[in-house]
Amino acid sequence: MQFVHDWLPQRVVFATGGAPEAVAEEVRRLGASRVMAIASGRDRAEPVLAGVPVVVRHPEVAMHVPVDVAERARAVAAEHEADAIVCVGGGSTTGLAKAVALTTGLPIVAVPTTYAGSEATDVWGLTEGGRKTTGVDRRVLPAAIVYDASLMLGLPVPTSAASGLNALAHGVDAMWGPRADPIDRSLALEAIRSLTVGLPSVVDDPTGLDGREQTLFGAYLAAVAFASAGSGLHHKICHVLGGMFDLPHAQTHAVVLPHVLALNAPSVPDLDRRMAQAFGTHSALAGLLDLRARLGAPTSLRALGMEGADLAKAVQPIVDASPSNNPTPVTPRTVEALLHAAWEGREPT
Ligand code: NAD
């Protein structure tokens with residue numbers, strides 16, 4: 001065996017029902033006394049911030065972190081001389097905290113309320129003029145994460161399902177991402193197992209803690225694996241589609257993932273077998289399709305509002321962005337066929 005695995009330094013606290021105490025403790029550990037709180041959902045955030053020395057609350061959060069939104073948040077941090085950030089919310093909220101940390105170096109305590117997983121990566125993203133730029137920087141990695149599954153009990157079922165499949169996409173893409181190593185694959189397989197158990201429970205019992213906890217744990221593992229393995233073909237496709245056509249992030253993942261799995265799995269039979277075991281089915285694709293159907297998640301790009309005439313525009317950017325070590329060679333023809341099938345909502349075979 002020969003590989004190098006670079007762990008990201010981060011404290012991870014699972015504290016179901018205990019976020020207020022856990023967040024206060026993480027802020028104390030940082031020695032912070034002037035916290036900028038970033039949160040769009042005030043009702044969810046307020047109890048979490050009860051024991052935190054907040055100097056300013058910043059509620060302006062927007063999907064894909066537009067540059068002007070980031071600039072305003074940075075100005076607020078400077079104006080109030082913040083010495084740390086606590087963000088409470090989904091990937092868009094964490095993304096804004098990261099945008100502030102990128103230029104200020106402020107440490108972040110992240111309290112996620114979806115399964116997006118951004119809190120466990122050192123990847124930032126900003127959008128300007130319809131183009132999303134991403135980068136990797138250790139400054140944006142939250143110093144600590146506090147996971148409290150009880151904060152998710154109100155996340156609507158369709159959003160939970162799509163967000164959970166976004167997490168699953170981190171796990172699946174980590175199996176063959178450009179830097180995927182055996183540790184990433186072990187984490188990703190355990191993530192697939194947890195999400196396969198957790199997500200149907202969330203749909204059956206959205207206010208039950210067991211499913212929420214399992215899903216959150218799986219989402220965390222998947223994000224860690226993904227951060228190390230790097231963006232595989234699936235994420236490159238979603239990134240191009242999201243940036244060009246402003247499609248909803250998590251739902252786009254739910255639609256595209258089975259098509260990428262169908263393309264890659266035949267080229268990596270051993271990984272397919274291991275993923276199938278994690279899904280508890282005879283093939284990884286069957287497991288994913290069963291799960292997606294069980295969750296009632298979206299199946300076509302058309303239903304997400306994408307115009308058929310736009311498909312051709314995305315082909316070359318996806319080919320250009322695809323990792324050179326993708327298990328199945330990526331050509332304009334394969335991408336075109338994949339996009340058409342995903343747009344129509346055809347079930348991949
Ligand atoms: P989001 O943060 O936009 O949240 C989706 C919706 O759910 C919002 O309306 C939000 O207010 C609501 N919501 C959040 N938590 C809730 C709760 N507990 N109860 C009720 N409603 C709740 O969406 P997302 O899917 O979490 O994140 C998507 C963004 O994250 C994208 O911009 C994506 O690029 C980014 N992302 C980044 C990384 C990374 O590593 N940098 C990883 C994954 C996602």
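**Close-up 1. Helices α12 and α13 crossing in the predicted model.** Here we're looking at α12, residues 311-321, and α13, residues 332-344, whose axes come within 9 Å and cross at roughly 135°. That angle makes α12 oblique to α13. As for handedness, the crossing of α12 and α13 is right-handed. On the α12 side, the residues to look for are L311, A314, V315, Q316, I318 and V319. They meet P332, V335, E336, L339, H340 and W343 of α13. Sort the contact of α12 with α13 by class and you get nine nonpolar, two polar and one charged residues.

Close-up 2. A polar backbone atom of L151 is 3.1 Å from a nitrogen atom of the ligand. At L155, a backbone N or O atom is 3.5 Å from a ligand nitrogen atom.

**Close-up 3. The pairing of α9 with α11.** Helix α9 covers residues 249-264 and helix α11 covers residues 284-295. Their axes come within 9 Å and cross at roughly 165°. With angles over 145 degrees counted as roughly antiparallel, α9 and α11 are therefore roughly antiparallel to each other. The crossing of α9 and α11 is left-handed. From α9, the contact draws on A254, V255, L257, P258, L261 and A262, while α11 brings A284, L285, L288, L289 and R292. By class, that gives the contact of α9 with α11 ten nonpolar, no polar and one charged residues.

**Close-up 4. Helix α5 alongside α6.** This view takes in α5 (residues 157-174) and α6 (residues 182-204), with axes that come within 8 Å and cross at roughly 165°. So α5 and α6 are roughly antiparallel to each other, and their crossing is left-handed. The α5 side of the contact is made by V157, S160, G164, L165, A167, L168, G171, V172 and A174. Across from them, α6 puts in D184, R185, A188, I192, L195, L199, V202 and V203. The class tally for the contact of α5 with α6 is twelve nonpolar, three polar and two charged residues.

Notes: Residues are numbered from 1 along each chain as its sequence is written. This is a predicted model: local features need pLDDT of at least 70, side-chain atom pairs count only at pLDDT 80 or more; totals for chains, interfaces and linings use all residues. Side-chain values use heavy atoms; hydrogens and water are left out. Axes are lines fitted to C-alpha atoms, for helices over the stretch in contact, and angles run from 0 to 180 degrees between N-to-C directions. Helices (H or I, at least four residues) and strands (E, at least two) are DSSP runs, numbered from the N terminus. Angles under 35 degrees count as roughly parallel, over 145 as roughly antiparallel, 65 to 115 as roughly perpendicular and the rest as oblique. A crossing is left-handed if the near helix is turned anticlockwise from the far one by less than a right angle, and right-handed if clockwise. Contact means heavy atoms within 4.5 Å. Ala, Val, Leu, Ile, Met, Phe, Trp, Tyr, Cys and Pro count as nonpolar, Asp, Glu, Lys and Arg as charged, and the others, Gly among them, as polar. A polar contact is a pair of N or O atoms within 3.5 Å; within protein, one must be able to donate a hydrogen and the other to accept it, and residues adjacent in sequence count only if both atoms are side-chain atoms.
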